[in-house]
Amino acid sequence: MTTAKTGLTVLDEVFTTAKAEDRAALIAYLPAGYPTVRGSTGLLTQALEAGADLVEVGLPYSDPVLDGPVIQHAVDTALRGGVRVRDTLTVVETLAARGGRAVVMTYWNPVLRYGPEAFARDLASAGGLGVITPDLVPDEENGWLAATTATGIAPIFLVAPSSTEQRIADTAAASRGFLYTASTMGVTGARDAVSDTAKALVERTRRHTDLPLGVGLGVRSGGQASEVASFADGVIVGSALVSAAEHGRAAVARLTSELAAGVRGNHTGR
Amino acid sequence: MATAPGGLPTASDGLSEHGHDPDATGHFGRYGGRFMPEALIAAVDEVAAEYDKARHDPEFLAELDRLQRDYAGRPSPVTDARRLSEHAGGARILLKREDLNHTGSHKINNVLGQALLTQRMGKTRVIAETGAGQHGVATATAAALLGLDCMVYMGEVDTERQALNVARMRLLGAEVVPVTTGSRTLKDALNEAYRDWVATVGHTHYVLGTAAGPHPFPMMVRDFHRVIGLEARAQVLERYDRLPDAVVACVGGGSNAIGIFHPFLDDSAVRLVGCEAAGDGVDTGRHAASIGGGTPGALHGALTYLLQDEDGQTIESHSISAGLDYPGVGPEHSFLHDIGRAEYVPVTDTEAMDAFRLLCRTEGIIPAIESAHAVAGAVRLGRELGPDATILVNLSGRGDKDVDTAARWFDVVDAEALPTDPPAQDQPEATGEREL
């Protein structure tokens, strides 16, 4: 890379900074185009200003098989509003221009249709740092690792409680930036309690990799964020923020602040 | 291994090695594979490993053959449709009668196999998606037979147009969940089934209803349906001392088609013709012809031809037939299309309903609207090939479930034609203008 910093370098800094402060990073998910493209840019900006270290910009897709009702509803709204793949890139570009750190969360077919190499290139030029692909396993990457490596952005895969040791090792080896650790067997959605499987999976995964581990699925409160932060390097919050977004920017700011306090071990929420 | 009446091949023969399996992770050429959340990979690995053991286990094979013979009623007969032939250029039209199976369609072949596999895996609950309701009914049936809990996901639109099958599933003890997300049809039922499975995989097997989805489903479901083609090939050879010139089947996901095509793959002189649902016409954009009007992409676990827009968003399909109303197709069909071994042709709603009426009136058989697409394709092909031709058609299901749809169609669109006998050799005006 001839540029000063690649997306991967910046992503690494997110986690080294948090670690230096002896805390986990807070990663906030919201879909592009919900409620509008401009509106989503505003909400994501709010999340970054209120303490998210990194945002995941969701790319709306017609068949989100790993998402529960809250995120399904939001991406349906975005798609009915006419959101396009290039709008997601525009949202990332706007956030990055303001100094925000963003990765994209997308199902695989929109990337496949766009062209994996073109998508990696255009996301890198927009200032995006990486791509989380919930329905792509490294076995089917078919040039995606090369495309992301060439543009300096991070391919981020998922491990799940059902993953075998061998698959955890292989998935970690294919990932850069951080590894997405699914806390539970199920779709996205806020849950009352963080399942015990999250901690067990983090412990299993640490034996195979030095990558930072972000834990997602089900976190909704400062208390839960604090609990997850005690064993993970990143706390990922999606559905709870999307629910908050229904009530506007102030609600997103309020929840993000609570979660940011949570990942620092200070929380007033449950 | 059991011997069927007449020394015909049996269901277990469908599971034997045949040299047309995909690679170890399920790729047919570039198609297929496993485009799935990691959380479900362990589950599909478990299914693949269990299927591999089962297909070589004499006990499993004997039990499958026993159920297929004594419970489902195999083998299904081949009927020479002599009066239909008069409307098909005089070609001999042979109907493989999967409509006579228990539960009324080919779907039981796959479901019996997967339900036995569920027991082998020690799981106690099955889930299924269904469009027309045939797969849901078959799954509910097998679940009742083997004492498994059963939940069926069905698009809300389909629960309305296939109300009879909803009632059948409930009578059989299954819970039917109307799916209200997205287009509220088959693709959304699949999404909901996956969402259920990812949370319940410890005790639940997902009985995928067609030869699509992630590996090993396209291969395994195909193998459970290969008995259709194995029987038919032997029946035609035995009765006519020759192979058919063409084998015709409807293609939604494509399980009945791959089942009857597959044993003919190495018979290079036999044309394999898949009839896709063209709805209002492929050029109108309101259709379900994934190969004829789609492009390759990843959906529901496999790389295959799909109806998608330029952003890779799935486009809603349209067909009068709920069972063909799906925007994707099994990956092996995509492969067979690309290598030119099978040809895929469009059949519109109007052509299918004309063929539906024609088969009712000439043969006394009310077909499923899905299967009527194949009959339409065969009639067209017969006119092209002429009286020396022999065409084998997979009559994949019976039309009891479609009586309401058909009555509405003929009342609204063709009320005057309903009471009269269709004139022989005079169908082209009434049917579509497309040539095969």
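The model is predicted, so local features need pLDDT of at least 70 and side-chain atom pairs count only at pLDDT 80 or more, while totals for chains, interfaces and linings use all residues. Residues are numbered from 1 along each chain as its sequence is written, chains are lettered from A and ligands numbered from 1 in the order in which they are written, and side-chain values use heavy atoms, with hydrogens and water left out. Helices (H or I, at least four residues) and strands (E, at least two) are DSSP runs, numbered from the N terminus.

**Helix packing in chain B**

- Helix H1 (residues 38-54) of chain B packs against helix H9 (residues 217-240) of chain B at an angle of about 35 degrees, and their axes are 10 Å apart. Here, axes are lines fitted to C-alpha atoms, for helices over the stretch in contact, and angles run from 0 to 180 degrees between N-to-C directions.
- The crossing of H1(B) past H9(B) is left-handed, as the near helix is turned anticlockwise from the far one by less than a right angle (clockwise would be right-handed).
- On the H1(B) side, the contact uses Val44(B), Val47(B) and Tyr51(B); H9(B) brings Phe217(B), Met219(B), Met220(B), Asp223(B) and Phe224(B). Contact means heavy atoms within 4.5 Å.
- By class, the residues in this contact of H1(B) with H9(B) come out as seven nonpolar, no polar and one charged.

**A parallel sheet in chain B**

- Four strands of chain B make an open sheet, ordered S7-S6-S5-S8, with parallel pairing. Two strands pair if DSSP finds at least two bridges between them.
- Strand S7 (175-179) and strand S8 (204-206) of chain B are the edge strands, each pairing on one side only.
- From one strand to the next, the twist averages 20 degrees.
- Inside the sheet, strand S5 (residues 125-130) and strand S6 (residues 149-155) of chain B pair in the parallel sense over six bridges. Ala128(B) has Val152(B) as its bridge partner in S6(B).

**Buried residues in chain B**

- For burial, the cut-offs are under 20% relative accessible area for buried, over 50% for exposed, and partly exposed in between (1.4 Å probe, protein chains only).
- Ser12(B) sits in the segment before strand S1 (27-28) of chain B, and is buried at a relative accessible area of 1%. Its side chain makes a polar contact with the side chain of Thr10(B) (3.1 Å). A polar contact is a pair of N or O atoms within 3.5 Å; within protein, one must be able to donate a hydrogen and the other to accept it, and residues adjacent in sequence count only if both atoms are side-chain atoms.
- Glu38(B), in helix H1 of chain B, is buried too, with a relative accessible area of 3%. Leaving out residues up to four places away in sequence, Glu38(B) touches several residues of chain A, including Pro134(A), Leu158(A), Ser163(A), Arg167(A) and Thr171(A).
- Thr304(B) belongs to strand S12 (residues 301-306) of chain B and counts as buried at 3% relative accessibility. The side chains of Thr304(B) and Ser334(B) make a polar contact (2.7 Å).
- Helix H12 (residues 331-338) of chain B has Pro331(B), Glu332(B), His333(B), Ser334(B) and Leu336(B) buried.

- As background, most residues other than glycine have a negative phi, and most peptide bonds are trans.
- The peptide bond from Tyr34(A) to Pro35(A) is cis, with omega near 0 degrees. Pro35(A) is in the loop between strand S1 (25-31) and helix H2 (37-49) of chain A.
- Arg74(B) and Pro75(B) are also joined by a cis peptide bond, with omega about 0 degrees; Pro75(B) is in the loop between helix H2 (58-70) and strand S3 (78-80) of chain B.
- Asn142(A) is not a glycine, yet has a positive phi of about 45 degrees. Asn142(A) is exposed, with a relative accessible area of 73%.
- Leu217(A), another non-glycine, has a positive phi of about 90 degrees. Leu217(A) is buried, with a relative accessible area of 14%.

Notes. Nonpolar A, V, L, I, M, F, W, Y, C, P; charged D, E, K, R; others polar.
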